[in-house]
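Here are a few notes to read alongside the model, written for someone opening it for the first time. Take them in any order you like.

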Amino acid sequence: MKPLERLTIAKGPPTILFMIAIIDYRAGNLTSVRLACESLGLEAMITSDPNVIRSAERVIFPGVGAAGAAMGHLEELGLVETIRMAVDSGLPFLGICLGTQIILGHSEEDGGVDTIGLINGNVRLFRPGDPLIKVPQIGWNSVAQKRPHPIFEGIEDESEFYFVHSYHPDPTDPACILGETGYAGVTFASVMGRENLVATQFHPEKSGRVGLKLLRNFAKWDPPSPSRLRRASGGRTT
Amino acid sequence: MLTKRIIPCLDIHDKKVTKGVKFKNNVVLGDPVEMAARYYDDGCDELVFYDITASAEGRPIDIEMVTEVAHAIRIPFAVGGGISTLEDMSRVLLAGAEKVSVNSLAVKNPDIIAQGSRAFGAQCIVLGMDPLAVDDPERCPSGYEITTRGFRERTGMDALEWARRAVDLGVGEIVVNSVDADGTRAGFQIPLTKLIAENVPVPVVASGGAGNAQHLVDVFEQAHADAAIIAGMIHTGDTTIPAIKAELVTAGIPIRQHW
């Protein structure tokens, strides 16, 4: 076992209970996310408790399944506001797969669903012209790094990651696109980010050592965020 | 570009990896967790484990092994054999497997596909099928008949019809394991793989007959397989995954190169 990785914890309330909160909103199996964190020596807890999420040092928002049901679960569990607050407060926040899609504002899935809207844009269905191009996309596809970002540190450009999805992100502002991937005739944003938020369409937890590298980068990441700076200096966010 | 997946298959018998020809004369090859870790290090893209006697012995799958594998590797793996209920699927997935594979039990009870797909998502449910080439256009117009229980039973079901029905029921992927090619290491059954791959909207995994890298080139180029299962050719040490990948790259096949 690798030694437990301890990171600097911001002083003052709220008390840090767990280093990483993995948000559970009944959208798929989170075992592999937890195992990947554990294999890096990172303390992680699968939770749907808003208090635990707010008091974690960083948040992973994973998920597989359909956008409509996922939004329903998030609302039932009272987590939409928790997620907004976590991101606004400056917590390093990582979306994965469905988690990434519902960070955008709207999804074509389930006849059209309004989603959380932390990044402006849509989620669109792959519509390949060629019947031999299968939907969902399942397997390893390469990510072209469009902008340098701490999440990519030590990861070679065009490295492959594991994808399983029928819909893809289509953000409005190209400035948030960190990485791009081609499939079914489109080049889509496979990694997006702004301030303390980063989101991948692929599954870093299932992407071998390259994926682990990305997760480790996330666990070390100290993102710039005005509200986080305020908190760290003892100021209050309202 | 989406790469073609290379998937080592580990047949498990009494907690050991074994290899036979057409499910017969199985010899012990090693420990499943150690072999999984080695192939993971070598850059395999996914793994599949079949508990080959669970179904015949009427016992559930070895969850302890699934758990150990899930701790050892960080790539997707599928588990099949002895999965007959939603509860079985749930245990395997919660232990850390990415997918469950159903075969004989889905033929007997096709509704398990629909139930699993609704509960866990289509991407978790793989249909394994063992088609046999037959000359019986009345019953099997595609030219292939589904067999079950390790090729021991013929079902009278047409392979293509079953593949389409399974997709309608909600499988996310189909492993087409040719009974005729299985264990021969003489190449995949190209016409069979192509027939299924061209006629279903989900990814198709070719299985049975892999003996060298050229066989993989052929099945990717000619049969449009999305992935290919290999077993004997690497289990025996005749070749390695990096060597196979290097040949595929030279042949112009898109392959994962960073691991």
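Contact, as used below, means heavy atoms within 4.5 Å. Please keep in mind throughout that this is a predicted model.

1. Leaving aside neighbours within four places in sequence, Ile113(B) is in contact with Val102(B), Ala106(B), Ile125(B), Leu127(B), Trp162(B), Ala166(B), Leu169(B), Gly170(B) and Val171(B). Ile113(B) also belongs to the largest nonpolar core, which has 116 residues. Along with Ile60(A), Phe77(B), Leu127(B), Ile174(B) and Leu216(B), Ile113(B) touches the most other members of that core. There is a second, separate core of 35 residues, and Ile23(A), Ala56(A), Phe93(A) and Leu197(A) are among its members.

2. The axes of helix 6 (residues 111-120) and helix 7 (residues 159-169) of chain B cross at roughly 35° and come within 8 Å. Helix 6 of chain B brings Ile113(B), Ala114(B) and Ser117(B) to this contact, while helix 7 of chain B brings Trp162(B), Ala166(B) and Leu169(B). What kinds of residue make up the contact of helix 6 with helix 7 of chain B: nonpolar, polar or charged? Five are nonpolar, one is polar and none is charged.

3. Next comes helix 4 of chain B, residues 86-94, where Asp88(B), Met89(B), Ser90(B), Val92(B) and Leu93(B) are buried. What covers these buried residues? The cover includes helix 1 (31-39) of chain A, and from chain B it includes helix 3 (63-72), strand 5 (77-80), strand 6 (99-102), helix 6 and strand 7 (125-133). Just after helix 4 of chain B, Gly96(B) takes a positive phi of about 120°.

4. Now for the place where the two chains meet. Chain B gives 37 residues to the contact and chain A gives 32 residues. About 2700 Å² is buried between chain B and chain A, with 55% of that area coming from carbon and sulfur atoms. Which residues of chain B lose the most area to chain A? They are Leu2(B), Arg74(B) and His258(B), which together account for 29% of what that side buries.

5. Chain A has 238 residues, and buried residues make up 55% of them. Among contacts in chain A between residues at least 6 apart in sequence, 70% join residues at least 24 apart. Chain A exposes about 9600 Å², with carbon and sulfur atoms supplying 52% of it.

6. Finally, some backbone details are worth checking by eye. Most residues other than glycine have a negative phi, and most peptide bonds are trans. Cys97(A) has a positive phi of about 55° although it is not a glycine, and it lies in the loop between strand 4 (93-96) and helix 5 (98-101) of chain A. Is Cys97(A) buried or exposed? Cys97(A) is buried, because its relative accessible area is 5%, under the 20% cut-off. His224(B), also not a glycine, has a positive phi of about 60°. His224(B) sits in the loop between helix 9 (213-223) and strand 12 (227-230) of chain B, and is partly exposed, with a relative accessible area of 24%.

7. One peptide bond also calls for a look. Val135(A) and Pro136(A) are joined by a cis peptide bond, with omega about 5°. Pro136(A) lies in the loop between strand 7 (119-125) and strand 8 (137-142) of chain A.

Technical notes. Residues numbered from 1 in each chain as written. Chains lettered and ligands numbered in written order. Predicted model: local features only at pLDDT ≥ 70, side-chain atom pairs only at ≥ 80, totals over all residues. Heavy atoms only, no water. Buried < 20%, exposed > 50% of the residue type's maximum accessible area, 1.4 Å probe, protein only. Areas by Shrake-Rupley, 256 points an atom, 1.4 Å probe, with all protein chains shown as cover. Core = buried A, V, L, I, M, F, W, Y, C linked by side-chain atoms within 4.5 Å. Axes fitted to C-alpha atoms, helices over the stretch in contact; angles between N-to-C directions. Helix = DSSP H or I, 4+ residues; strand = E, 2+ residues; numbered from the N terminus. Nonpolar A, V, L, I, M, F, W, Y, C, P; charged D, E, K, R; others polar. Buried area = accessible area lost by both parts, 1.4 Å probe.
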